[in-house]
Amino acid sequence: MQRSDTDPRLMLLAADDSVYVLRDQIAQGESITVQGRMVAIPQALGLGHKIARRAHRPGDKVVKYGAPIGSASTDIAPGEHVHTHNLKSDYTATHTLEAARSQAETDQEIQS
Amino acid sequence: MMRGWQRNDGRKGIRNVVAVAYLVECAHHVARQIAGTDPEAAHVIGFPGCYPNDYAQRMMERLCTHPNVGAVLLVSLGCESFNRYRLEQVVRDSGRPVKVLTIQNDGGTRATIAAGREWVAAQASELATQPTVPMAVNELVVGTVCGGSDGTSGITGNPATGLAFDRLVADGATCIFEETGELIGCESIMEARAATPELAAELRASVEKAARYYATLGYGSFAPGNADGGLSTIEEKSLGAYMKSGQSQISGLIKPGDIPPHGGLYLMDVVPDGEVRFGFPNISDNAEIVEMMASGAHVTLFVTGRGSVVGSAISPVIKIAANPHMYRRLADDMDINAGRILDGGATLAEVGEEIYRKVLALASGEKSRSEDLGHQEFILTYKSFEPIGPACLPA
């Protein structure tokens, strides 16, 4: 199932998945091979994170474990990090501390 | 060699502990002082609320007559609304020694602690002399939760736990998975495993209820650490969590406190019925562990990616580390390193077998890591449930 022209740290969980899962971390600025193409990774990624296997248009289902895990909210190119910034739940929105922190900073700026 | 303590209701316990139960938060300190800090002596459980709640009453009755419990001390302040008379009767009817201390009538904090310690010490030495009987795998009830999940949980620890569940179910054991809020997105694949079409409809309805409930609250069952660990959406977390259930046929749908009638795989519906009233269904992982214990779980398999360290009162918890990096930081807290699946150190099948063996070892007297470290977390809050429908437990 795993293509040899793809970095071995990218794991494919099911045949029709649209994302890979990292079995190890990737350092910031590293270039990795995704289906024969070199892709630069702009930020460090921990294991368990997802990399796009194919191009997604906004609204396209993102597929992992052979099942949809939500919809793309922006264009996603193969090799791009897929996470809360470009993937939205089809059920309830995801709450992150990042969002809470930037909201707190915004509130601070408004007050000062 | 698996062994247990025979109870009058036919079940066997893999532990034989004294439970010290506070019946309102106001009695918690006294209960804690009675139990002391020695995890061998007694386990503290309890309900903090002063207002009556049928669910909490039922849960406390189930927990005080859990097969791992040999004797029960109830600690009441005196003016709370918890029905201590009925709880005492239920424990007495189960054949267990039971005593009620009421702080307002028994001379306050110091005198109640002294009386409680004396009773607990006498019971503990009595329990230590009770003989055990051989126990078989098909007499075990095993629950599973995942907590502090990350992107590794669903590809290492959870599917390995699913394999252990398959093995246990094949041996006739009773296995319980739960948190319908973390099965959102799995309805279709899950209902295909139901024993009957009517049960399939009940399974789907339980997840749809969870989706409505969480939508009202405005948050899914999803913590910021889940996202740091690479999980993006509730349905992604769900699919990973679902892996814990393995591949067996689903025999029934139960609610907290329902005792599964025979071996097999059961889904526990933990989301309250009716209007959203008391807030989040389970405010943290231990609330889920407590509910599975109320349905008889002897052991809980707890898969963690970020690194939860909790254990539980009454029933030991097996900690399964999904993430190899976390395992290196928290090895002392973890029973199983499922992260080896990622760096090539083991296959899923090998880790599944290791988990299965660990369950049997605990039922033979071995201690889990959290048990040995003295973890006895416990939490019980308000809920309300309707009884399960007739389609939930097909014959």
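**Figure 1. Salt bridges across the predicted model.** A search of the whole structure, which is a predicted model, finds 25 salt bridges over all chains. A salt bridge is taken as a side-chain nitrogen of Lys or Arg within 4 Å of a carboxyl oxygen of Asp or Glu. Side chains of opposite charge can pair when their charged atoms come close. Because the model is predicted, local features need pLDDT of at least 70 and side-chain atom pairs count only at pLDDT 80 or more, while totals for chains, interfaces and linings use all residues; side-chain values use heavy atoms, with hydrogens and water left out. Residues are numbered from 1 along each chain as its sequence is written, and chains are lettered from A and ligands numbered from 1 in the order in which they are written.

**Figure 2. The salt bridge between K12(B) and E139(B).** The N to O distance of this pair is 2.8 Å. K12(B) belongs to strand β2 (residues 12-13) of chain B, whereas E139(B) is in the loop between β7 (133-134) and β8 (141-146) of chain B, so the pair ties together parts that are 127 residues apart in sequence. Helices (H or I, at least four residues) and strands (E, at least two) are DSSP runs, numbered from the N terminus. K12(B) counts as buried because its relative accessibility is 11%, and E139(B) is partly exposed, with a relative accessible area of 28%. Here, buried means under 20% relative accessible area, exposed over 50%, and partly exposed in between (1.4 Å probe, protein chains only).

**Figure 3. The salt bridge between E88(B) and R92(B) in helix α3 of chain B.** The side chains meet with an N to O distance of 3.1 Å. Both residues lie in helix α3 (residues 84-93) of chain B, four residues apart, which is about one turn of the helix. R92(B) is partly exposed, its relative accessible area being 42%.

**Figure 4. The salt bridge between D332(B) and R369(B).** N and O are 2.7 Å apart in this pair. It links distant parts of the chain, 37 residues apart: D332(B) is in the loop between α11 and β14 (336-337) of chain B, and R369(B) is in helix α13 (residues 369-372) of chain B. Both partners are partly exposed, D332(B) at 47% relative accessibility and R369(B) with a relative accessible area of 22%. Elsewhere in chain B, salt bridges that share partners join K209(B), K255(B), D269(B) and D273(B) into one network.

**Figure 5. The interface of chain B and chain A.** The contact (heavy atoms within 4.5 Å) takes 30 residues from chain B and 29 residues from chain A. About 2400 Å² is buried between the two chains, with carbon and sulfur atoms giving 62%; buried area is the accessible area (1.4 Å probe) that two parts lose on being put together, summed over both. Two salt bridges are counted between the chains. One salt bridge joins E236(B) to K64(A), with the closest N and O atoms 2.8 Å apart. On the side of chain B that touches chain A, at least two residues each are supplied by α7 (197-217), α8 (224-228), α9 (234-242) and α11 (324-330) of chain B. The largest share, five residues, comes from α9(B). By class, this side has 14 nonpolar, twelve polar and four charged residues, where Ala, Val, Leu, Ile, Met, Phe, Trp, Tyr, Cys and Pro count as nonpolar, Asp, Glu, Lys and Arg as charged, and the others, Gly among them, as polar.

**Figure 6. Helix α9(B).** This helix is mostly covered, nine of its nine residues being buried. Among the buried residues are I234(B), E236(B), L239(B) and Y242(B).

Figure 7. An unreviewed UniProt entry lists "domain: D-galactarate/Altronate dehydratase second" for residues 4-124 of chain B. The end C-alpha atoms of this span lie 17 Å apart, and the span is 38% helix and 24% strand. The UniProt annotation "domain: D-galactarate/Altronate dehydratase C-terminal" (unreviewed entry) covers residues 138-383 of chain B; that span is 37% helix and 13% strand, with its end C-alpha atoms 31 Å apart. UniProt positions are given in the numbering used here, feature names are shortened, and annotations may be inferred rather than shown by experiment. A128(B) is found in helix α4 (residues 108-129) of chain B and counts as exposed, at 67% relative accessibility.
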